[in-house]
Amino acid sequence: MGAISLGYGPDGKRIRRKISGKTKQEVRAKLEALHQEMNAGVRSSSTYTVREAVDDWLREGLDGTSDRTRTLYEGLLGPVLDAIGARPLRDLGARDVRSALSQLATRYSTRSLQITRNSLERAIRHAESNDLVGRNVAALVKTPQGRSGRRSKSFTLEQAKELLAASEGTRLHAYVVLSLLVGIRTEEARALRWDHVVTWVDDSAGWQPVTTAGFDPARAGEDRYAIYVWRSERHGGDTKTEKSRRTLSLPRRCVEALRQHIEQQDRDRLRAGELWQEHDLVFASRIGTPLTANNVIRAFRIITKKAGLGEDWVPREMRHTFVSVLSANGVPVESIALLAGHERSATTEAVYRHEIRPALIQGAEVMDKIFR
């Protein structure tokens, strides 16, 4: 047995930290390590576990983080805590973290593994800031290679037309039209309000919400309708980046779809009566409440199945299609980046643009001329 005196408590009793070992040498080594911790100001505990450290971080260390992100961290860290959560944090080693992450390599994509490792590192750093552990072993571990994630894709032009046709008459029609023809993010569409759907009335009145000025077919062909993409379903309601805050002119087909949509919403409001909850949202439930991402995904996959495209699609791929269609029709990537609200055109080119026609055609054209 060994012990270190930590002084006296408020009751006048001596406070001791006790340790034990099978040999004197083992006890001496533990006493030396304990002295080093104390000199560094660390107050580790044999009962403070990895799970407790993660719980403390989720509760105290995520100020300014949305509930959705918090839920994501909890879900990804769950299997890790099943493996090492009961271990005292001060006894956790890099090998333990590496082993726990490696067990998930067949279940998680590489990106999900990166988020999991980073989350664990942040949780331990939070414990470090509270002087509960001396070093962050998660920072010493490299993220293992996970399984290949699902690659985003684009609809072809014909598929996009089939999708538009299949969405006719559904509650998601205007959502599909706006996503394909304007390219707003799905979280931007769910946050869009009617006072941000505007029309140009005249030089004196300027831009006015369509709820005030109405939908006049005579204005639709003159680029007289626009949307303010100023909000998003993110923490604080702000857009993803500064350049994501933009004003977009609406094609005629979007104007017509939104006109039909507001009429449908007026009918929903009448049917719902006292159950209606007014949020001024363009895309809402039958009683006016906000749509969740899962609401939209389920309804969207019904449409893709109806169009004969299968169910392996997600709403964000309409945005990818918007970028790809513009690119295929000669719109410069810099202009597309502005429309899509990207910080850099490199993001547009590397992540979002999927060529939907043969891109490298110069060689074929030359060979056709040579070998006629």
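**View 1. Side chains alternate along strand β6 (residues 246–249) of this predicted model.** Buried means under 20% relative accessible area, exposed over 50%, and partly exposed in between (1.4 Å probe, protein chains only). In a regular strand the side chains alternate between the two faces of the sheet. Strands (E, at least two residues) and helices (H or I, at least four) are DSSP runs numbered from the N terminus. Local features need pLDDT of at least 70, side-chain atom pairs count only at pLDDT 80 or more, and totals for chains, interfaces and linings use all residues. Numbering starts from 1 along each chain as its sequence is written, and side-chain values use heavy atoms, leaving out hydrogens and water.

**View 2. Strand β5 (residues 225–229) pairs with β6.** The sense is antiparallel, over 4 bridges. Pairing requires at least two DSSP bridges between the strands. V229 stands opposite R246 of β6.

**View 3. P251 sits in the loop between β6 and α11 (252–272).** Its relative accessibility is 29%, so P251 counts as partly exposed. Leaving aside neighbours within four places in sequence, P251 is in contact with L181 and V182. Contact means heavy atoms within 4.5 Å. P251 and V182 are 69 residues apart along the chain, yet their C-alpha atoms are separated by 7.9 Å.

**View 4. Helix α13 (residues 316–328) packs with helix α14 (residues 333–340).** Two packed helices are described by the angle between their axes and the distance between the axes. Here the angle is about 155° and the axes are 10 Å apart. That makes α13 roughly antiparallel to α14. Axes are lines fitted to C-alpha atoms, for helices over the stretch in contact; angles run from 0 to 180 degrees between N-to-C directions. Angles under 35 degrees count as roughly parallel, over 145 as roughly antiparallel, 65 to 115 as roughly perpendicular, and the rest as oblique. From α13, R319, F322, V323, L326 and S327 meet I336, L339 and A340 of α14. These contact residues divide into 6 nonpolar, 1 polar and 1 charged. Ala, Val, Leu, Ile, Met, Phe, Trp, Tyr, Cys and Pro count as nonpolar, Asp, Glu, Lys and Arg as charged, and the others, Gly among them, as polar.

**View 5. Helix α2 (residues 50–60) packs with helix α5 (residues 110–129).** The angle is about 90°, with the axes 8 Å apart. α2 and α5 are therefore roughly perpendicular to each other. V50, A53, V54, D56, W57 and E60 of α2 make the contact with S119, L120, R122, A123, H126 and A127 of α5. The residues divide into 7 nonpolar, 2 polar and 3 charged.
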